[in-house]
Amino acid sequence: MNTMYDILIIGGGMAGASLSIALSGHGLRTGLVEAAPLKVEQVPNYDDRGIALSRGSERILTALGVWESMAGQAQPIEHIHVSEQGGFGFTHLHAEEEGVPALGQVITARNLGAGLLAALEALDDVDLIAPARVKWVKVENGHARIGLEDDELQTRLLVAADGGNSLVRQQLGFQSRRREYHQSAIIANITPGRPHDNSAWERFTRNGPMALLPMTESRCALVWTVADKDVGEVLSLDDGEFLARVQQNFGWRLGRLQRAGKRAAYPLAQLWVPDAVQHRAVVIGNAAHTLHPVAGQGFNLGLRDVAALAEVVLDAVKEDRDPGSLETLNRYQQWRSRDQRGVVETTNLLVRAFSNDFLPVKLARNLGVLSLEALPPARHAIARAAMGLQGHLPRLSRGLPL
Ligand SMILES: Cc1cc2nc3c(=O)[nH]c(=O)nc-3n(C[C@H](O)[C@H](O)[C@H](O)COP(=O)(O)OP(=O)(O)OC[C@H]3O[C@@H](n4cnc5c(N)ncnc54)[C@H](O)[C@@H]3O)c2cc1C
């Protein structure tokens with residue numbers, strides 16, 4: 001078979017699945033290629049991690065028509081508390097002060113994935129090609145070609161949403177910058193002794209940043225960054241010892257931590273492709289920027305890529321322009337690079353600043369955090385950025401249809 005698509009998306013993770021849904025219904029021939037079977041238990045990252053969705057992401061998912069089916073499994077974030085163990089600085093953000101019902105929502109990647117996959121299955125204009133692994137990619141003037149095990153597909157625009165180790169990115173020679181952190185994120189669902197009151201806690205501890213996010217059923221999603229050398233030990237603790245270790249670092253704001261669910265560890269590094277477009281190809285989501293989860297921004301940033309790319313591509317098609325031309329894709333690149341650079345650099349700065357015990361650095365960051373508390377306009381700006389509502393917003397982020 002030798003099939004020609006308008007848009008071919010590689011990767012059925014959160015970014016690729018969302019883009020497929022966004023492009024549906026506009027008269028395009030779209031294909032989605034995923035290496036795993038498109039079942040929530042089998043797509044690699046639709047797992048138990050808690051995903052903090054910004055308010056902007058909730059709006060995009062609502063505009064795509066998928067949020068309604070997920071909302072029942074999500075928990076709103078109404079307050080965010082940031083503090084440092086042994087430090088005097090702290091700050092709070094409140095939904096009420098920002099005039100919104102919630103600053104964001106927390107949902108497991110599994111429930112988010114289930115909602116996306118159910119929506120995908122209902123589309124009749126997106127070919128779901130799975131399980132099928134892309135083996136090679138070539139770009140020619142009029143189209144891109146991709147090779148599967150026993151098939152070849154062609155497309156006017158190839159979208160690489162194939163994750164941090166993107167084969168498409170590597171084969172097409174996109175330049176990426178990588179930073180090693182020598183840290184891993186340990187996740188587990190925790191049941192605290194006191195109600196979480198829809199608060200998210202970000203605590204910078206001597207042993208790495210720790211986030212506890214409010215979840216359904218009175219649970220909290222823990223994301224704890226530890227040095228790679230300590231991961232084996234933390235994973236091997238029994239539940240009681242593990243909870244005691246978390247408690248020691250987090251403190252008693254949520255009472256005694258009572259139960260811990262299954263633990264998993266993710267090695268962390270940062271990757272960024274500053275120039276993510278070529279003639280006929282664009283890289284999005286984790287394939288374009290893989291972030292430390294300290295600020296919970298990875299998918300939120302990827303979803304803003306999706307919203308902007310869908311808009312640029314559909315505008316091109318409406319105006320009879322080629323969706324895969326460099327001219328079209330440069331519009332996307334120019335639009336997205338400021339947001340991407342900002343989130344990539346800020347995330348890195350947070351990791352570096354809070355991993356440093358040098359006294360002047362410690363003092364400066366405590367004063368920095370404290371001055372945020374004292375300066376409502378600065379806090380408001382941070383809240384808008386965290387909610388994904390800053391800068392030139394795509395139509396979907398404003399809740400408008402494409
Ligand atoms: C511990 C942790 C906590 C996080 N918390 C948050 C949070 O709170 N908020 C937030 O916004 N983000 C968070 N993130 C980030 C978020 O999980 C990622 O940004 C998101 O999962 C990336 O989705 P993606 O679709 O870009 O990539 P992936 O999920 O990596 O999907 C890529 C897909 O491509 C497929 N694929 C790969 N190669 C091929 C090939 N050759 N052929 C065909 N298919 C292929 C893979 O099977 C996979 O399904 C967190 C991440 C971690 C690790």
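This passage walks through a predicted model of one chain, from its overall build down to a few single residues. Residue numbers start from 1 along each chain, following the sequence as written. Because the model is predicted, local features need a pLDDT of at least 70 and side-chain atom pairs count only at pLDDT 80 or more, while totals for chains, interfaces and linings use all residues.

Start with the whole chain. Its secondary structure comes to 12 helices and 20 strands; these are DSSP runs, with helices (H or I) of at least four residues and strands (E) of at least two, numbered from the N terminus. The radius of gyration is 21 Å, close to the 21 Å that the globule rule gives for 402 residues, so the chain is as compact as a globular protein of that length. That radius is taken over C-alpha atoms, and the globule rule is 2.2 Å times the number of residues to the power 0.38. Along its principal axes, the C-alpha trace spans about 60 × 45 × 40 Å. Of the 402 residues, 46% count as buried. Here buried means that 20 or more other C-beta atoms, placed from the backbone, lie within 10 Å of a residue's own; 12 or fewer make it exposed, and anything in between is partly exposed. Among the contacts with a separation of 6 or more, 76% involve residues 24 or more positions apart. A contact needs two C-beta atoms, placed from the backbone, within 7 Å of each other.

Next comes the ligand. It is surrounded by 36 residues, and the closest are G11, G13, G163, G285 and G298; to be near it, a residue must have its C-beta atom, placed from the backbone, within 6 Å. Two or more residues of this shell come from each of α1 (14–23), β3 (50–54), β12 (177–192) and α9 (298–318). Helix α9 supplies the largest share, 4 residues. Sorted by class, the shell holds 19 nonpolar, 13 polar and 4 charged residues. In that count, Ala, Val, Leu, Ile, Met, Phe, Trp, Tyr, Cys and Pro are nonpolar, Asp, Glu, Lys and Arg are charged, and the others, Gly among them, are polar.

Helix α1 is mostly covered, with 10 of its 10 residues buried; M14, G16, S18 and I21 are among them. Just after α1, G25 takes a positive phi of about 85°. In helix α9 sits E311, which counts as buried because 20 C-beta neighbours lie inside 10 Å. Leaving out residues up to four places away in sequence, E311 touches P394, R395 and L402. E311 and F204 are 107 residues apart in sequence, and their C-alpha atoms are 38 Å apart in space.

Strand β3 also belongs to an open sheet of 3 strands, ordered β3-β7-β4 with antiparallel pairing; strands pair if DSSP finds at least two bridges between them. The edge strands are β3 and β4 (75–77), each pairing on one side only. On average, neighbouring strands are turned by 30° against each other, direction ignored. Strand β4 is joined to β7 (residues 104–108) by 3 bridges, and P76 has Q105 as its bridge partner in β7. Helix α5 (residues 109–121) packs on this sheet, touching β3 and β7, and its direction makes about 90° with that of β7. Such angles run from 0 to 180 degrees between N-to-C directions, using axes fitted to C-alpha atoms, for helices over the stretch in contact.

Within β3 lies L53, buried because it has 25 C-beta neighbours inside 10 Å. L53 touches E58, G104, Q105, I107 and N300, setting aside residues up to four places away in sequence.

Elsewhere, strand β9 (residues 136–139) runs antiparallel to β10 (residues 144–148), with 4 bridges joining them. A hairpin through 4 residues links β9 to β10, and V137 has I146 as its bridge partner in β10. Strand β14 (residues 208–214) contains G208, which is buried, with 22 other C-beta atoms within 10 Å. G208 touches Q183, W224, T225, V226 and A227, again not counting residues up to four places away in sequence.
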